[in-house]
Amino acid sequence: MKIITYNVNGIRSAMNKNWLAWLQATDADVVCLQEIKATPDVLTDLHLVEALGYQHYWFPAEKKGYSGTAILTKRTPNHIEYGCGIPDFDREGRNIRVDFDEVSVMSVYFPSGSSGDDRQAFKFRFLDEFGKYLTLLKVEHPKLVICGDYNICHRAIDIHNPKSNANSSGFLPEEREWMENFMESGYIDTFRHLNKEPHNYTWWSFRANARAKNLGWRIDYTLASKELEDNIKRAAILPEAKHSDHCPVLLELAF
């Protein structure tokens, strides 16, 4: 099973950058999207997504042009779960999940705290409450892949300048500690499981030609529960895809 996660920073914008041709070429079984910034009724090209063999499930934010998650899948899921039952998070379309016989796959978009203290406080609340939700969910679905934009760099290797960003949202000690504790609770960072090299990033600022210089952050992850460790076949970052300020992350599982 080939799984891809991609913060598209607006699905309509990505489609205008030849995203559908890229989607066809990747031939992924499951595609998890974040920051779709649209409701499916305004997407005129969904028939082209369907022509590629995908069923599609959307969980947009109530606020227009903001946040939202989606999952495209070539396999019919046993169940689709929209949201986590926490109204403040579900209003922003923060997560959607599909369940198959072998595995459950979630697309999640963690809040950013970079716009100010109020959103940083919201992010910390999300980490606390959504983390508790995931703990309970893993009991029910032990074979779980949580894909998405976590808006957190886990370790210094995951950010181009850890010293100057020590007090930046996304690399705060409390955020990194949450990430560490979450992984220790039973998850594998599938990319780091297979690749220990530095300078591997998934997001770049639009400023200062950051992407061309590879001055990035690794904030997009495919975390798999430890029960899936023996199924991990391949994990990779795909920086050549340029439809967004993020790039996709790939996970292949063998069943």
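Select helix α2, residues 19-26, where W19, L20, W22, L23 and T26 are buried. Buried means under 20% relative accessible area, exposed over 50% and partly exposed in between, with a 1.4 Å probe and protein chains only. Helices (H or I, at least four residues) and strands (E, at least two) are DSSP runs, numbered from the N terminus. This is a predicted model: local features need pLDDT of at least 70, side-chain atom pairs count only at pLDDT 80 or more, and totals for chains, interfaces and linings use all residues. Residues are numbered from 1 along each chain as its sequence is written, and side-chain values use heavy atoms, with hydrogens and water left out.

**Around helix α2**

Turn the view to look down the axis of α2: its buried residues fall within an arc of 155°, so they line one face of the helix. The arc is that of the directions from the helix axis to the C-beta atoms. On the other side of α2, look for Q24 and A25, which are exposed. Next, show what the buried residues of α2 pack against: β1 (2-7), α1 (11-15), β2 (30-34), α3 (46-51) and β4 (69-73). Contact here means heavy atoms within 4.5 Å. Then step off the end of the helix to D27, which follows α2 and has a positive phi, near 50°.

**The aromatic cluster**

Select F89, F110, F122, F126, F130, Y133, Y150, W178, F182, Y187 and Y221 together; they form one aromatic cluster. The structure holds 15 aromatic pairs. Rings of Phe, Tyr and Trp (its six-membered ring) pair if their centres lie within 6.5 Å; planes under 30 degrees apart count as stacked, over 60 as edge-to-face and the rest as tilted.

Start with F110 and Y150. Their ring centres are 4.4 Å apart and their planes are at 25°, so this pair is stacked. F110 is in the loop between β7 (104-109) and α5 (117-140), while Y150 is in the loop between β8 (144-149) and α6 (173-184), 40 residues apart, and the pair links these distant parts of the chain. Both F110 and Y150 are buried.

W178 lies in helix α6 and F110 in the loop between β7 and α5, so the pair ties together parts that are 68 residues apart in sequence. The relative accessibility of F110 is 0%, and W178 is buried with a relative accessible area of 15%.

The charged end of R119 sits over the ring of F122, 4.2 Å from its centre. K138 lies over the face of Y187, at 5.6 Å from the ring centre. A charge sits over a ring if NZ of Lys or CZ of Arg is within 6 Å of the ring centre and within 35 degrees of the ring normal.

Go to strand β10 (residues 203-204) to find W204. W204 is buried, with a relative accessible area of 3%. Leaving aside its neighbours within four places in sequence, W204 is in contact with A210, R211, N214, L215, G216, P239, D245, H246 and C247. Display the side chains of W204 and N214, which are joined by a polar contact of 3.0 Å. A polar contact is a pair of N or O atoms within 3.5 Å; within protein, one must be able to donate a hydrogen and the other to accept it, and residues adjacent in sequence count only if both atoms are side-chain atoms.

D189 is in strand β9 (residues 187-189) and is buried, at 8% relative accessible area. Not counting residues up to four places away in sequence, D189 touches M183, R218, Y221, T222 and L223.

**N165**

Return to the loop between β8 and α6 and select N165. N165 is buried, with a relative accessible area of 11%. A polar atom of the N165 side chain lies 3.0 Å from the backbone oxygen of N161. Beyond residues up to four places away in sequence, N165 touches I159, H160, F171 and W217.

**Cysteines**

How many disulfides are there? The count comes to zero, a disulfide being a pair of cysteine sulfur atoms within 2.5 Å. For C84, the closest cysteine sulfur is in C32, 16 Å away and too far for a bond. C247 is in no disulfide either; the nearest cysteine sulfur, that of C153, is 13 Å away. C84 is buried at 11% relative accessible area, and C247 is buried at 0%.
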